[in-house]
Amino acid sequence: MIELTDEILRKVIKKRKKDSYKGTYGRLLVIGGNAQYGGAAILATTSAVYSGAGLVSVALAKENHGALHARLPEAMTIDFDDLSALREVAKSADVIVIGPGLGLERLDLLTEVLNLLTEKQKLVIDGSALTLFAKEHLSLPYPQNTIFTPHEMELERLSSLKIGQQTKEALQDFVNQEGAIIVAKSSETRIFSPNQENFILKIGLPAQATGGMGDTLAGMIGGFLAQFHGETRETVAAATYLHSLIASHLAKKAYVVLPSRLIEEIPLFMKKYEC
(Lines give C-alpha, C1' and ligand atoms only; values in the text may rest on other atoms or scores of the structure.)
Protein backbone atom coordinates (compact mmCIF):
# COMPACT_ATOMS: atom_id res chain seq x y z
CA MET A 1 0.00 0.00 0.00
CA ILE A 2 1.15 3.56 -0.69
CA GLU A 3 1.90 5.49 2.50
CA LEU A 4 0.30 8.93 2.40
CA THR A 5 2.54 11.98 2.82
CA ASP A 6 2.29 15.73 2.29
CA GLU A 7 2.80 15.08 -1.42
CA ILE A 8 -0.86 14.05 -1.83
CA LEU A 9 -1.93 17.51 -0.62
CA ARG A 10 0.34 19.29 -3.09
CA LYS A 11 -1.06 17.12 -5.86
CA VAL A 12 -4.75 17.65 -5.08
CA ILE A 13 -5.17 21.14 -3.56
CA LYS A 14 -5.27 23.70 -6.36
CA LYS A 15 -4.73 27.44 -6.25
CA ARG A 16 -8.03 29.22 -6.83
CA LYS A 17 -8.46 30.96 -10.17
CA LYS A 18 -8.89 34.72 -10.16
CA ASP A 19 -12.14 34.65 -12.18
CA SER A 20 -13.88 31.96 -10.11
CA TYR A 21 -17.04 32.31 -8.02
CA LYS A 22 -18.88 30.18 -5.44
CA GLY A 23 -20.43 27.96 -8.10
CA THR A 24 -16.95 27.05 -9.31
CA TYR A 25 -16.30 25.09 -6.12
CA GLY A 26 -19.31 22.83 -6.18
CA ARG A 27 -22.68 22.31 -4.57
CA LEU A 28 -22.76 19.94 -1.61
CA LEU A 29 -25.66 18.53 0.39
CA VAL A 30 -25.30 16.96 3.84
CA ILE A 31 -28.20 14.80 5.09
CA GLY A 32 -28.36 13.81 8.75
CA GLY A 33 -28.74 15.41 12.15
CA ASN A 34 -31.86 13.98 13.77
CA ALA A 35 -33.15 15.41 17.06
CA GLN A 36 -30.62 13.47 19.12
CA TYR A 37 -27.53 13.77 16.93
CA GLY A 38 -27.74 17.23 15.42
CA GLY A 39 -24.11 17.93 16.30
CA ALA A 40 -22.91 15.26 13.87
CA ALA A 41 -24.52 16.98 10.88
CA ILE A 42 -23.33 20.38 12.09
CA LEU A 43 -19.73 19.14 12.27
CA ALA A 44 -19.91 17.50 8.83
CA THR A 45 -21.43 20.62 7.29
CA THR A 46 -18.93 22.94 8.97
CA SER A 47 -15.96 20.89 7.82
CA ALA A 48 -17.33 20.88 4.26
CA VAL A 49 -17.63 24.69 4.28
CA TYR A 50 -14.18 25.16 5.83
CA SER A 51 -12.75 22.76 3.25
CA GLY A 52 -13.84 25.13 0.51
CA ALA A 53 -17.05 23.73 -0.99
CA GLY A 54 -18.77 26.61 -2.77
CA LEU A 55 -22.43 26.17 -1.80
CA VAL A 56 -23.33 23.88 1.11
CA SER A 57 -26.82 22.88 2.20
CA VAL A 58 -27.81 20.59 5.06
CA ALA A 59 -31.02 18.65 5.52
CA LEU A 60 -31.55 18.00 9.22
CA ALA A 61 -34.30 17.92 11.85
CA LYS A 62 -36.08 21.26 12.10
CA GLU A 63 -35.25 21.64 15.81
CA ASN A 64 -31.55 21.76 14.91
CA HIS A 65 -31.81 24.63 12.43
CA GLY A 66 -31.22 27.33 15.05
CA ALA A 67 -28.05 25.66 16.30
CA LEU A 68 -26.78 25.23 12.74
CA HIS A 69 -27.42 28.88 11.85
CA ALA A 70 -25.72 30.08 15.03
CA ARG A 71 -22.66 27.92 14.37
CA LEU A 72 -22.48 28.28 10.60
CA PRO A 73 -24.43 31.06 8.88
CA GLU A 74 -22.70 30.17 5.60
CA ALA A 75 -24.78 26.98 5.17
CA MET A 76 -28.36 26.72 3.93
CA THR A 77 -30.85 24.55 5.81
CA ILE A 78 -33.68 22.22 4.82
CA ASP A 79 -36.10 20.33 7.04
CA PHE A 80 -35.24 16.69 6.35
CA ASP A 81 -38.95 15.83 6.66
CA ASP A 82 -39.72 18.05 3.64
CA LEU A 83 -39.00 15.49 0.93
CA SER A 84 -40.08 17.79 -1.89
CA ALA A 85 -37.51 20.45 -0.92
CA LEU A 86 -34.89 17.76 -0.27
CA ARG A 87 -35.36 16.30 -3.76
CA GLU A 88 -34.88 19.70 -5.40
CA VAL A 89 -31.64 20.43 -3.57
CA ALA A 90 -30.35 16.88 -4.06
CA LYS A 91 -30.88 17.08 -7.82
CA SER A 92 -28.64 20.15 -8.08
CA ALA A 93 -25.88 18.83 -5.77
CA ASP A 94 -22.51 17.74 -7.10
CA VAL A 95 -21.82 15.77 -3.91
CA ILE A 96 -24.16 14.30 -1.30
CA VAL A 97 -22.94 13.27 2.16
CA ILE A 98 -25.48 11.16 4.00
CA GLY A 99 -25.33 9.62 7.45
CA PRO A 100 -23.83 11.94 10.10
CA GLY A 101 -26.41 11.82 12.88
CA LEU A 102 -29.07 10.48 10.51
CA GLY A 103 -30.39 7.82 12.88
CA LEU A 104 -31.49 4.28 12.11
CA GLU A 105 -35.13 5.32 11.74
CA ARG A 106 -34.54 7.26 8.48
CA LEU A 107 -34.18 4.52 5.91
CA ASP A 108 -36.56 6.56 3.76
CA LEU A 109 -33.98 9.31 3.29
CA LEU A 110 -31.23 6.89 2.28
CA THR A 111 -33.41 5.09 -0.26
CA GLU A 112 -34.63 8.45 -1.59
CA VAL A 113 -31.04 9.53 -2.24
CA LEU A 114 -30.09 6.23 -3.87
CA ASN A 115 -33.11 6.53 -6.18
CA LEU A 116 -32.40 10.17 -7.08
CA LEU A 117 -28.66 9.85 -7.67
CA THR A 118 -27.27 10.46 -11.16
CA GLU A 119 -24.00 9.32 -12.69
CA LYS A 120 -22.62 12.87 -12.47
CA GLN A 121 -22.91 13.02 -8.68
CA LYS A 122 -20.60 11.77 -5.93
CA LEU A 123 -22.03 10.09 -2.83
CA VAL A 124 -20.36 9.77 0.60
CA ILE A 125 -22.08 7.26 2.91
CA ASP A 126 -21.15 7.63 6.58
CA GLY A 127 -22.42 6.88 10.08
CA SER A 128 -25.88 5.39 10.51
CA ALA A 129 -26.43 5.39 6.73
CA LEU A 130 -23.69 2.73 6.56
CA THR A 131 -25.53 0.56 9.06
CA LEU A 132 -28.82 1.00 7.20
CA PHE A 133 -27.19 0.21 3.87
CA ALA A 134 -25.72 -3.02 5.23
CA LYS A 135 -28.80 -4.07 7.25
CA GLU A 136 -31.21 -3.61 4.34
CA HIS A 137 -28.83 -5.13 1.74
CA LEU A 138 -29.18 -2.08 -0.49
CA SER A 139 -27.33 -1.66 -3.76
CA LEU A 140 -25.51 1.29 -5.28
CA PRO A 141 -26.74 2.85 -8.53
CA TYR A 142 -23.27 4.22 -9.34
CA PRO A 143 -20.67 2.42 -7.20
CA GLN A 144 -17.79 4.08 -9.05
CA ASN A 145 -18.96 7.43 -7.62
CA THR A 146 -19.54 6.22 -4.06
CA ILE A 147 -17.30 6.49 -1.00
CA PHE A 148 -17.99 4.52 2.18
CA THR A 149 -16.34 5.81 5.38
CA PRO A 150 -16.77 3.04 7.99
CA HIS A 151 -14.99 2.43 11.26
CA GLU A 152 -14.12 -1.20 11.96
CA MET A 153 -17.53 -2.27 13.35
CA GLU A 154 -19.40 -0.54 10.52
CA LEU A 155 -17.04 -2.20 8.07
CA GLU A 156 -17.88 -5.57 9.62
CA ARG A 157 -21.59 -4.93 9.01
CA LEU A 158 -20.92 -3.75 5.48
CA SER A 159 -18.53 -6.49 4.35
CA SER A 160 -19.42 -9.37 6.75
CA LEU A 161 -15.71 -9.51 7.61
CA LYS A 162 -15.08 -9.71 11.34
CA ILE A 163 -12.70 -7.09 12.71
CA GLY A 164 -9.88 -9.64 12.95
CA GLN A 165 -10.53 -10.74 9.35
CA GLN A 166 -10.32 -7.31 7.75
CA THR A 167 -7.02 -8.00 6.03
CA LYS A 168 -5.76 -6.09 3.03
CA GLU A 169 -6.50 -9.02 0.73
CA ALA A 170 -10.01 -9.66 2.08
CA LEU A 171 -10.99 -6.00 1.89
CA GLN A 172 -9.59 -5.66 -1.60
CA ASP A 173 -11.73 -8.57 -2.74
CA PHE A 174 -14.80 -6.95 -1.17
CA VAL A 175 -14.06 -3.57 -2.77
CA ASN A 176 -13.49 -5.15 -6.18
CA GLN A 177 -16.88 -6.81 -5.88
CA GLU A 178 -18.72 -3.74 -4.50
CA GLY A 179 -17.09 -1.29 -6.91
CA ALA A 180 -16.90 1.63 -4.46
CA ILE A 181 -14.07 3.34 -2.58
CA ILE A 182 -13.82 2.46 1.11
CA VAL A 183 -12.07 4.59 3.72
CA ALA A 184 -11.51 1.93 6.39
CA LYS A 185 -11.00 4.06 9.51
CA SER A 186 -8.71 2.78 12.28
CA SER A 187 -5.43 3.68 13.97
CA GLU A 188 -3.91 3.13 10.52
CA THR A 189 -6.67 4.11 8.12
CA ARG A 190 -6.60 2.35 4.76
CA ILE A 191 -8.23 3.59 1.55
CA PHE A 192 -9.28 0.87 -0.89
CA SER A 193 -10.27 1.40 -4.52
CA PRO A 194 -11.44 -1.27 -6.96
CA ASN A 195 -8.56 -2.96 -8.77
CA GLN A 196 -6.02 -0.26 -7.89
CA GLU A 197 -3.07 0.19 -5.57
CA ASN A 198 -4.31 1.53 -2.25
CA PHE A 199 -3.32 4.06 0.40
CA ILE A 200 -2.44 3.74 4.06
CA LEU A 201 -2.37 6.53 6.62
CA LYS A 202 0.19 6.14 9.39
CA ILE A 203 -0.15 9.47 11.20
CA GLY A 204 -3.43 8.81 13.00
CA LEU A 205 -3.27 9.16 16.79
CA PRO A 206 -5.32 8.44 19.91
CA ALA A 207 -5.93 12.17 20.41
CA GLN A 208 -8.44 11.81 17.55
CA ALA A 209 -10.53 9.26 19.43
CA THR A 210 -13.44 11.53 20.29
CA GLY A 211 -17.04 11.93 19.17
CA GLY A 212 -17.57 13.79 15.91
CA MET A 213 -14.16 13.06 14.39
CA GLY A 214 -15.63 10.76 11.74
CA ASP A 215 -18.40 13.23 10.90
CA THR A 216 -15.75 15.89 10.37
CA LEU A 217 -13.83 13.61 8.01
CA ALA A 218 -16.96 12.83 5.99
CA GLY A 219 -17.58 16.55 5.51
CA MET A 220 -13.98 17.16 4.48
CA ILE A 221 -14.12 14.37 1.91
CA GLY A 222 -17.34 15.85 0.55
CA GLY A 223 -15.82 19.34 0.43
CA PHE A 224 -12.75 18.12 -1.44
CA LEU A 225 -14.83 16.14 -3.95
CA ALA A 226 -17.05 19.17 -4.62
CA GLN A 227 -14.17 21.36 -5.78
CA PHE A 228 -11.25 19.19 -6.87
CA HIS A 229 -11.89 17.13 -9.98
CA GLY A 230 -8.84 14.94 -10.33
CA GLU A 231 -8.77 11.21 -9.63
CA THR A 232 -11.44 10.48 -7.00
CA ARG A 233 -9.33 8.14 -4.89
CA GLU A 234 -6.53 10.72 -4.64
CA THR A 235 -9.00 13.46 -3.69
CA VAL A 236 -10.43 11.24 -0.96
CA ALA A 237 -6.92 10.34 0.20
CA ALA A 238 -5.91 14.01 0.40
CA ALA A 239 -8.88 14.91 2.62
CA THR A 240 -8.21 11.91 4.85
CA TYR A 241 -4.53 12.73 5.18
CA LEU A 242 -5.18 16.41 5.91
CA HIS A 243 -7.65 15.45 8.64
CA SER A 244 -4.95 13.52 10.54
CA LEU A 245 -2.19 15.97 9.69
CA ILE A 246 -4.07 18.80 11.40
CA ALA A 247 -4.82 16.54 14.36
CA SER A 248 -1.12 15.68 14.66
CA HIS A 249 -0.26 19.37 14.73
CA LEU A 250 -2.85 20.15 17.41
CA ALA A 251 -1.94 17.08 19.49
CA LYS A 252 1.51 18.52 20.13
CA LYS A 253 -0.11 20.85 22.66
CA ALA A 254 -3.44 19.14 23.40
CA TYR A 255 -4.25 15.85 25.10
CA VAL A 256 -7.36 15.43 22.95
CA VAL A 257 -8.15 17.06 19.61
CA LEU A 258 -11.69 18.39 19.36
CA PRO A 259 -13.27 18.14 15.91
CA SER A 260 -14.50 21.73 16.12
CA ARG A 261 -10.94 22.90 16.78
CA LEU A 262 -9.58 20.78 13.93
CA ILE A 263 -12.11 22.32 11.54
CA GLU A 264 -10.83 25.85 12.26
CA GLU A 265 -7.40 24.86 10.93
CA ILE A 266 -8.56 23.36 7.62
CA PRO A 267 -8.38 26.50 5.42
CA LEU A 268 -5.07 27.52 6.98
CA PHE A 269 -3.46 24.17 6.17
CA MET A 270 -4.99 24.12 2.69
CA LYS A 271 -3.40 27.49 2.01
CA LYS A 272 0.00 26.06 2.91
CA TYR A 273 -0.32 23.25 0.39
CA GLU A 274 -2.13 24.90 -2.53
CA CYS A 275 -0.41 24.10 -5.80
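A residue is called buried when its relative accessible area is under 20% and exposed when that area is over 50%, with partly exposed in between; the calculation uses a 1.4 Å probe and protein chains only. Gly52 has 12% relative accessibility, so Gly52 counts as buried. Please keep in mind that this is a predicted model, in which local features need pLDDT of at least 70 and side-chain atom pairs count only at pLDDT 80 or more, while totals for chains, interfaces and linings use all residues. Residues are numbered from 1 along each chain as its sequence is written, and side-chain values use heavy atoms, with hydrogens and water left out.

Let us stay with Gly52 for a moment. Helices (H or I, at least four residues) and strands (E, at least two) are DSSP runs, numbered from the N terminus. Gly52 sits in the loop between helix H2 (38–50) and strand S3 (55–60). Contact means heavy atoms within 4.5 Å. Once neighbours within four places in sequence are set aside, Gly52 is in contact with Arg16, Tyr25 and Gln227. Lys22 is 30 residues away from Gly52 in sequence, yet their C-alpha atoms are 9.3 Å apart in space.

Now for the sheet. Two strands pair if DSSP finds at least two bridges between them. Ten strands form an open sheet with mixed pairing, in the order S1-S10-S9-S8-S7-S6-S5-S2-S3-S4. Strand S1 (2–3) and strand S4 (76–79) are at the edges with a single partner strand each, so one side of each has no neighbour in the sheet.

Strand S5 runs parallel to S2, joined by four bridges, and Val30 stands opposite Val97 in S5. S5 also pairs with S6 in the parallel sense over four bridges; here Ile96 stands opposite Leu123 in S6. Which residues cover the two faces of S5? Val95 and Val97 lie on one side and Ile96 and Ile98 on the other, and all are buried. S6 is covered on both faces too: Lys122 and Val124 on one side and Leu123 and Ile125 on the other are all buried.

Elsewhere in the sheet, strand S9 (residues 190–192) and strand S10 (residues 199–200) run antiparallel and are joined by two bridges. Arg190 stands opposite Ile200 in S10. Helix H5 (residues 107–116) packs on the sheet, where it touches strand S2 (27–31), strand S5 (95–98) and strand S6 (122–125). The direction of H5 makes about 160 degrees with that of S5; axes are lines fitted to C-alpha atoms, for helices over the stretch in contact, and angles run from 0 to 180 degrees between N-to-C directions.

Arg106 lies in the loop between S5 and H5. Is Arg106 buried or exposed? Its relative accessibility is 10%, so Arg106 counts as buried. Beyond its neighbours within four places in sequence, Arg106 is in contact with Phe80, Asp81 and Leu132. The side chains of Arg106 and Asp81 are joined by a polar contact of 2.8 Å. A polar contact is a pair of N or O atoms within 3.5 Å; within protein, one must be able to donate a hydrogen and the other to accept it, and residues adjacent in sequence count only if both atoms are side-chain atoms.

Helix H7 (residues 152–159) has Glu154, Leu155, Glu156, Leu158 and Ser159 as its buried residues. Their cover includes helix H6 (127–135), strand S7 (146–148), helix H8 (168–178) and strand S8 (181–184). Just after H7, Ser160 takes a positive phi of about 65 degrees. Most residues other than glycine have a negative phi. Ser160, in the loop between H7 and H8, is exposed, with a relative accessible area of 61%. Asn195 also has a positive phi, about 55 degrees, although it is not a glycine. Asn195 is found in the loop between S9 and S10 and is exposed at 64%.

Finally, look for open space. On a 1 Å grid over the protein atoms alone, a pocket is an open set of points with protein on both sides within 12 Å along at least five of seven lines, and lining residues have an atom within 4 Å of a point. Grid points are joined across faces, edges and corners, and a volume is the space filled by probe spheres set on the points. The largest pocket holds about 570 Å³. Its lining has 24 residues, with His151, Lys185, Gln208, Met213 and Gly214 nearest the centre. Helix H9 (213–227) and helix H10 (232–250) each give two or more residues to this lining, and the largest share, four residues, comes from H9.

Notes
On a 1 Å grid over the protein atoms alone, a cavity is a set of points where a 1.4 Å probe fits but cannot get out, and a pocket is an open set with protein on both sides within 12 Å along at least five of seven lines; lining residues have an atom within 4 Å of a point.
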